[in-house]
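Visitor: I have the sequence and the model open on my screen. Could you walk me through them, one question at a time?

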Amino acid sequence: MNNLFEFEQDFVESLRCIPMVVRYKLDSCGVKLKLEHWNKFSQEARQQLVSNSINTPEEIAAYRSLLYELAEQYTNLPLKDLPIEDQPLWLETKKLPDDVQQKAGEIGVKITLKQWQDLSPLQRFALLKLSHPSHENKNFLPALKEFKILENSL
């Protein structure tokens, strides 16, 4: 799961921002990592956080430990623990989340339940994050195009 999305291309090569795949892993292991932490990590450490898997409880625990080790090694900033959701919305396939529906509607797009179900958990996670009212949403439309929800360019 080292998917880096096309809509992230403006910063992916340098990894100057935290990519969605890492944000997904952070939410999955219950750690709040700030951009301030990320920017102090070496390029190798950032790449490791992109590449490492979190498919099993053991891998999730190892990823969490790695985050704390890197924060200690590269920064003097403590990490925060976050609650891990029992049923995260990105794993929900019976209903399209309200924020995603609303954001799509704002730009005149209708996402069907089938389209939502056909997305990977990481893609659903990205759309959820990109649809939050507090998030800069410029990548929502490019993500819809990349995920083949919106086939034609506007």
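**From the surface to the packed helices**

Visitor: Does D86 count as buried or exposed?
Guide: Let's start with the cut-offs: buried means under 20% relative accessible area, exposed over 50%, and partly exposed in between, with a 1.4 Å probe and protein chains only. The relative accessibility of D86 is 74%, so D86 counts as exposed.

Visitor: What kind of model am I looking at?
Guide: Residues are numbered from 1 along each chain as its sequence is written, and side-chain values use heavy atoms, with hydrogens and water left out. Local features need pLDDT of at least 70, side-chain atom pairs count only at pLDDT 80 or more, and totals for chains, interfaces and linings use all residues, as this is a predicted model.

Visitor: How far is D86 from S28, C-alpha to C-alpha?
Guide: D86 sits in the loop between β2 (80-81) and α6 (98-106). Along the chain, D86 and S28 are 58 residues apart.

Visitor: In what order do the elements of the protein chain run?
Guide: Helices (H or I, at least four residues) and strands (E, at least two) are DSSP runs, numbered from the N terminus. The chain has 9 helices and 2 strands. From the N terminus on, their order is α-α-β-α-α-α-β-α-α-α-α.

Visitor: What is the radius of gyration of the protein chain?
Guide: The C-alpha trace spans about 45 × 35 × 25 Å along its principal axes. The globule rule, 2.2 Å times the number of residues to the power 0.38, is set against a radius of gyration taken over C-alpha atoms. For 154 residues the rule gives 15 Å, and the chain comes close to that, so it is as compact as a globular protein of that length. The radius of gyration is 16 Å.

Visitor: What share of the residues is buried?
Guide: Contact means heavy atoms within 4.5 Å. Among contacts between residues at least 6 apart in sequence, 60% join residues at least 24 apart. Of the 154 residues in the chain, the buried share is 41%.

Visitor: How many residues of α2 are buried?
Guide: Helix α2 (residues 20-29) is mostly covered. Its cover includes β1 (31-32), α3 (35-40), α4, α5 and α8 (121-131). Among the buried residues are M20, V21, V22 and Y24. The count for α2 is 8 of its 10 residues.

Visitor: How many residues of α8 are buried?
Guide: The cover of α8 includes α2, α6, α7 (113-118) and α9 (140-146). Buried members of α8 include F125, A126, L127 and L128. Helix α8 is largely enclosed by the rest of the structure, so the count is 10 of the 11 residues.

Visitor: How are α2 and α8 oriented to each other?
Guide: Axes are lines fitted to C-alpha atoms, for helices over the stretch in contact, and angles run from 0 to 180 degrees between N-to-C directions. Angles under 35 degrees count as roughly parallel, over 145 as roughly antiparallel, 65 to 115 as roughly perpendicular and the rest as oblique. The two axes come within 10 Å and cross at roughly 95°. Helices α2 and α8 are therefore roughly perpendicular.

Visitor: Which residues of α8 make the contact with α2?
Guide: Helix α2 brings M20, V21, R23, Y24 and D27 to the contact. The residues of α8 that meet them are P121, L122, F125, A126, K129 and L130.

Visitor: At what angle do α4 and α5 pack?
Guide: Helix α4 covers residues 43-51 and α5 covers residues 57-74, with axes 11 Å apart. The two helices are therefore roughly antiparallel to each other. Their packing angle is about 165°.

Visitor: Which residues of α5 make the contact with α4?
Guide: On the α4 side the contact is made by A45, Q48 and L49. On the α5 side the residues are Y63, L66, L67, L70 and Y74.

Visitor: With which residues is Q117 in contact, leaving aside its neighbours within four places in sequence?
Guide: Q117 lies in helix α7. At 36% relative accessibility, Q117 counts as partly exposed. Its contacts beyond those neighbours are T93 and R124.

Visitor: What is the phi of K148?
Guide: K148 is in the segment after α9, and at 54% relative accessibility K148 counts as exposed. Although K148 is not a glycine, its phi is positive, at about 65°.
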